[in-house]
Amino acid sequence: MKKILSVALSTAMAFSMFASVAFGDTAVTPQQQFDALKAKGIFNGYPDGTAGLDKEMTRAEFAKVITKLLGLKEITGVYSYNDKNYNAKNWAAPYIEAVTAAGIMEGKNVEKKIFDFNGKVTIAEMATILTRALDLEIPTETNNSAAAWAKGYVQAAINAGLIDANANFSANASRELLVGAAYSIDQAQSLKVTSYTVSEAGKVVEFKISDGETVKVTLDKALEANKETEVKFTYKDKEFTEKVTYVVTAATKLETVSASNLKEVTVKFDGKLDEKTAEDTSNYSFDEVDYTFESATLSEDGSTVTLLLDDSSNVFLTNQEEYTLNIEGVKNADSSKTFSESKAFTPVDTVLPEVTEVKGLGTKAFRVEFSEPVKESSVNTTSNFKIDGKAISGYVSYAYPNVAIISTDLSVGEHTLTVSNVEDYNNFKNATKDIKFTVAEDTTAPQVTSVKTTDLKVVEVTFDEPVKSVSSAYQTSSSKTADTITVNDNKVTLTFSPANQLSLGSNTVFLTGVTDYSNNSADRQATVDPTLDTERPTVASVKAAVKENNHVFTIEFSKDVNDEDVVAANFTLKDSDGDVVQGYGFDSEGHPLANGLELVSNTGGKKYTLTTIGKLPADTYTLEIANIRDTAAIKNTMLPYSTKLNLADVSNPAIAGTWYEVPSNNSERLNIYVQYDKAIAVSGTGNATDVNKYSYKLQGSNSYLPLPVNSSVTAVNAETVRISLPAKDGGYVNTGDQVGLQIVNIADVNGNYLVDTNGNYVVTTTVKAKAENAIGVVKATATSKTRVKVEFDGLLSSVNANDFKVDGQSLKTVSTTTDNGHSIVTFDITGDELTVSDPTSVLFTSVDSPKSVNAFGIPVKGGESVNLKDGIAPASTSAPLIFGTDTVTGATYAVVTFDEAVKVANNTTGFLVYVKGQAATVTAVDQVGVDADQARVVFTSDNLATGNNTVEVYLNSNNSSAKYVTDIAGNAATSAKKTGTYTKN
């Protein structure tokens, strides 16, 4: 039974189709209805153009109307009835077969298979056909005067309001009556959504219906931005399922990070980004490598950033190796969101590089573009390029990352280029194929197509063809020349010094000798209006962490800031009482010491760290930052900023030790102990006593299993839990067995979670029997000739200095601290100080039966010996400054002597020199001395006069972090001041 119109029933009822009520409430006349249906091909009308509304309709005509109205498929080649002239020549046959196949109409004489296509349609027959078409329910009780065969159908039509109960059902239906019925059904069937709008953050959708009405739908769950979602609703008893997209132009989330080659990373968001922050390369970094980006290019639709790695043959990703990309400071298009997140991705390069374009550049060169970045070494080989099957005589210019310009003589006309052996960074060689290109004469010098600057010092000029060279460039007047001219393909970048930078208004940039690869040359000029950066820098975030027993604050700005402003005086730390912090690396005014502030590498000028000396006491601190400017040509100054930092505890817990015991009273049970380095949570989401947080595997097993039923986890003390496994036939372990333990989502009492070295919340460890456990030495470092610092691989509750010796000498305990589950014990040597220049030959030893133990009686490993590590900083000796004159340059130098061999960086900021109290200019620094224990500082000074000159030489106070001078082990020399007298002849 055809059911296509069942959803239109109530609408058809509302319109009402028949007799005296057919058109009483409609806005159109029967003729207008006929015209509308005729336009759709449902009615044809008579040859004279009239509608014939007063005439009667044949069964054949009605079959066609129903077929067209319901969109039934016409059926040809099938003739189910025996009527005379019912054959392929009968125009109505396809329509009669269609309504027959749909079960809507049947013959007048079913037994003889007579359809009676020229017979008239009665009102009863119309009611029957419409009832079938609309799939109306036929009632069991009837109250009408129709013939017995039609009573049920007629009653269904009456109940639905389709026909008048007092109609003459045996009378023939007029065409006007049929037109009205067809029009109402067509209107009901044609109801559709013409448009929709989404409001209230995706919670409300308003649908515009074809009849002019609006339906408002409130959703239980807001639509996800920019994702097509089905929304269902009912209107006039018709069920609608519409696909709706809550279009949000500005990005709301990071979707994917991917790399299909080893030089480019594609970062896709779900909407548009702010171009400035999206194309700021300092907003992106890797966890695993210190690579920087050459460029960040935003796609035309504003949603995808392509990051190009630095132009260095040694900087590229490794295929199939996981990386983590950090995104900090990228804003969406309306600045409603700033992204700060990380996403792991794995480069997958499986495609060979190929030539995507070849373009003739006149008769002296041609340009080749590849599908991905390619190695310069493979491009700069002319033998890899052949023209018309012949080797090329000429040279190749490489434009990073994927363009080669080959200079060679070419004839006018079509040529075939063959490229081979050009490699990408996965060592894939290009797919060799012949590419045709056309060469034409080029007699025109490059023309400027655009010029832009967002800074008064850098101008980018784009030309209509690749540029070979530019002789010179200046702006406004010939005296204001560009410091550097960089040509890359068709772009020329001009960099001006601060003295020659552009003005705030319109500027004219002049380029002389702009030459293309056909040697056409001309002088060009362009006007540029700088679009200045007027946005103040802000502090994007301040994060606290503990590293090497110091607090480290990582401060990220919204943009690159002026390094000269990141000085101690602009940072102030106060405690919860509002008093400035003194000590711990802060001066009497709460400012950090100069060497406590460091720029984080590969972040431009956006991220700095502030490192304390030792951990600050637990408290809530306020960090104030002020007077920081950005790096714009006209610098913008940030507004004063302050933030609160709760340093009660910011470090992650770590496992200090594990062991298992088999209870003496039941060898079939097993107790596993896990000792953490700090107090752990015993409730909440980080609950360390939750049995579901642990799984185990026994010796020989390959997979972790949940703890057995009836297992329990109990807190033995604030830092330690006991995992008790119930009795098991045969027990769990044999002598020497190890047990694997997996721990998930354990936190300390301050909400810091246990993580592995990769930051994962799932941590695995191997557990040995308690008797097989001993606490060993991780390292022992000589920090001076009388002091050593020893790190143990567990937490000691009792330290007996008599258990240990250095070079056979007794020790005295100075202090004990903990870090990452390890005890750090500082000892003083009670006998003679170390006499060797290299302490790495000296042994730190433990006695055979040590008494130093942890809280559960596990001792330090006995009879252990480790070589000391060199942690002694070199220092300048009492030897006087040695002065001299460089035999080549004639410059004056001073030599500083250290107490051991040193490595000296040739960095002119490593030392400061003063002559008679006035700063001199350091021009070079190098390492000298028979034992490589001296640093020579070359300087010039206008204050040097004939006779005696007082000279002061300082090692820069930030040497501890910059490490201009270190010993062979890398220990930074302590700051030193040497004064001497230089006699100038």
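**Figure 1. Helices and strands of the predicted model.** Helices (at least four residues) and strands (at least two) are DSSP runs, numbered from the N terminus. In this predicted model, the protein chain has ten helices and 60 strands. Its C-alpha atoms fill a box of roughly 135 × 100 × 65 Å along the principal axes. The radius of gyration is 44 Å, whereas a compact globule of 985 residues would have one near 30 Å. Of the 985 residues, 46% count as buried. Take the contacts between residues at least 6 apart in sequence: 61% of them join residues at least 24 apart.

**Figure 2. The aromatic pair Tyr79 and Tyr86.** The structure holds 30 aromatic pairs. One of them joins Tyr79 and Tyr86, edge-to-face. The ring centres lie 6.1 Å apart, with 85 degrees between the planes. Tyr79 is partly exposed, at 37% relative accessible area. Tyr86 is buried, at 6%.

**Figure 3. The aromatic pair Phe557 and Tyr608.** This pair is also edge-to-face: 6.3 Å centre to centre, 80 degrees between the planes. Phe557 sits in strand β29 (residues 550-557) and Tyr608 in strand β32 (residues 607-611). The two residues are 51 apart, so the pair links distant parts of the chain. Buried means under 20% relative accessible area. Phe557 has 1%, so Phe557 is buried. Tyr608 has 3%, so Tyr608 is buried.

**Figure 4. An aromatic cluster with five members: Tyr79, Tyr81, Tyr86, Phe115 and Phe117.** These residues form one aromatic cluster.

Note on methods
Residues numbered from 1 in each chain as written. Predicted model: local features only at pLDDT ≥ 70, side-chain atom pairs only at ≥ 80, totals over all residues. Heavy atoms only, no water. Rg over C-alpha atoms; globule rule 2.2 N^0.38 Å. Buried < 20%, exposed > 50% of the residue type's maximum accessible area, 1.4 Å probe, protein only. Contact = heavy atoms within 4.5 Å. Phe/Tyr/Trp six-rings, centres within 6.5 Å; stacked < 30°, edge-to-face > 60°.
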